Amino acid sequence: MESLEALQARVFAQRDKLPAMYGGVDFSITPERFAGGLDDNCMQLNEGDREARKRLLSNPETVARARAYTMLGDATADAYAALMPQYGFRPLVAMLTEACDKGVENVKDAPPELVAFIREMEATPDWIDMSLIEEGARVSRNPTANLAPFVVRGAFVATFLNKYSALPMALTGTLSHETAVRRIKETASFFTTTSLPGALNRFGTGFKAAAMVRLMHSMVRFNVLRSSRSWDVQTFGIPVPQVDQMPAGTIAVFLLAFKMIREGRTEFTPAERAFVEFNRYRCWLLGLPEDLLPTTPQGIYDAMVVYSGTLRDGYDDATCGALVRATMAAYFPSDRSLKSRVFNALERIFARVYFNRAFLRGDKTGKAKLMGVELRPYDLPVFIALGLFVFGREKLYSLALAIPALRDAVDRRLIARIDRLLIEYGHAEYTTDAAKYADRTVAAHAHGRANAA
């Protein structure tokens with residue numbers, strides 16, 4: 001694991017190495033978003049999680065590490081994204097696509113930043129057990145094919161509950177229904193693609209998708225910091241810090257670890273171990289460091305508590321609420337057939353209940369009503385009926401996969417289902433337009449100042 005001193009040095013080095021992006025950032029500050037004090041008001045936690053927060057944040061090094069990650073971008077992908085004024089974003093995407101498909105050595109006049117980007121992704125660290133990746137992908141295919149289509153919307157909007165981490169998404173245009181659909185499908189497409197056989201191999205589709213996601217995040221950072229002069233580093237820190245990728249990338253393993261801790265289990269089964277390692281490798285390809293990708297149930301749980309426990313609680317309806325409403329109202333299927341419209345209606349109800357139960361945890365503050373996602377009388381009965389079908393089908397597949405004679409045939413069926421899902425999601429664009437940022441940033445900060453007043 002990287003020492004605290006080395007981590008802090010990396011944070012401060014961003015300004016010297018990439019002045020075009022980070023020249024205006026004072027890395028010595030502690031942004032308002034960081035709630036490192038035991039008495040600070042952080043994101044909503046359960047009673048047991050609050051006790052864990054006290055235990056974890058009583059360690060000064062844990063707090064210092066969390067603060068450092070709050071101000072850390074993705075140095076390698078950021079350096080490539082910073083070439084946008086010279087190349088333009090479409091040529092950068094095209095060169096990265098070619099490097100993923102053919103090898104960076106075959107990209108004519110490839111800039112050194114692109115070479116460094118690809119070489120870093122190719123250099124798998126020894127703390128990743130590559131022997132487990134394909135088995136982990138196989139384990140992930142059942143929930144990816146059967147459960148994910150019904151929970152992706154609810155899980156996606158969970159990232160909008162906090163104004164400090166949600167603002168960059170608002171600046172990319174996700175407040176509109178059309179853009180919300182595109183962002184959901186891009187996210188769903190990435191996680192779905194990576195579950196296919198061989199997808200995370202060097203020339204696999206998942207490897208390329210991870211590179212595109214990294215570039216998109218770095219483009220957001222570059223455009224916000226360079227094009228949006230009103231971005232308030234003192235309040236929000238840097239846009240899309242690496243630590244903000246952890247919840248989305250590790251939510252499945254966190255839920256598994258949390259369940260195990262409640263059950264009193266401390267060791268993963270072989271299948272669970274493979275699933276965890278698959279998720280760790282996928283997150284590493286996205287640029288997350290080892291420190292944010294622990295290997296044990298307790299370590300995974302602690303990492304998520306530290307993240308939530310150091311992210312200051314904050315809700316701005318013009319940002320958080322608008323993002324949630326746009327995402328929940330979006331029409332997800334690719335056509336308007338009766339079957340698709342019925343699916344969209346049922347999936348949206350499922351997502352509404354899932355979001356309330358999993359992320360608002362009973363909602364005693366009225367936030368669901370403020371967001372426009374409060375439960376209606378018919379939502380829970382529909383959720384229960386649909387849940388019996390969704391979880392029942394997933395369980396049947398699990399039972400069939402446990403039978404050696406059926407395993408390969410069932411896996412092929414899951415792969416076929418995933419292929420159909422990817423057709424439905426369409427081609428992910430993974431791009432971001434700098435021209436859209438300045439006005440949105442000014443408006444967002446003006447609204448925030450008005451709320452404060």
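Author: Here are some notes on backbone angles and nonpolar packing. This is a predicted model: local features need pLDDT of at least 70, side-chain atom pairs count only at pLDDT 80 or more, and totals for chains, interfaces and linings use all residues. Residues are numbered from 1 along each chain as its sequence is written, and side-chain values use heavy atoms, without hydrogens and water.

Reader: What is phi of Asp109 near?
Author: It is near 55°, a positive value in a residue other than glycine. Most residues other than glycine have a negative phi.

Reader: Where does Asp109 lie, and is Asp109 buried or exposed?
Author: Asp109 sits in the loop between helix H7 (89–102) and helix H8 (112–122). Asp109 is exposed, at 62% relative accessible area. Helices are DSSP runs (H or I, at least four residues), numbered from the N terminus. Exposed means over 50% relative accessible area, buried under 20%, partly exposed in between (1.4 Å probe, protein chains only).

Reader: And Val240?
Author: Phi of Val240 is near 50°, also positive. Val240 is in the loop between helix H14 (233–236) and helix H15 (246–263). Val240 counts as buried, at 15% relative accessibility.

Reader: Packing now. Which residues touch the most other members of the largest nonpolar core?
Author: Tyr80, Leu96 and Leu114, out of 123 residues. A nonpolar core is a set of buried Ala, Val, Leu, Ile, Met, Phe, Trp, Tyr and Cys residues joined through side-chain atoms within 4.5 Å.

Reader: Which helix gives the most to this core?
Author: Helix H13 (residues 205–227), with 12 residues.

Methods. Helix = DSSP H or I, 4+ residues; strand = E, 2+ residues; numbered from the N terminus.
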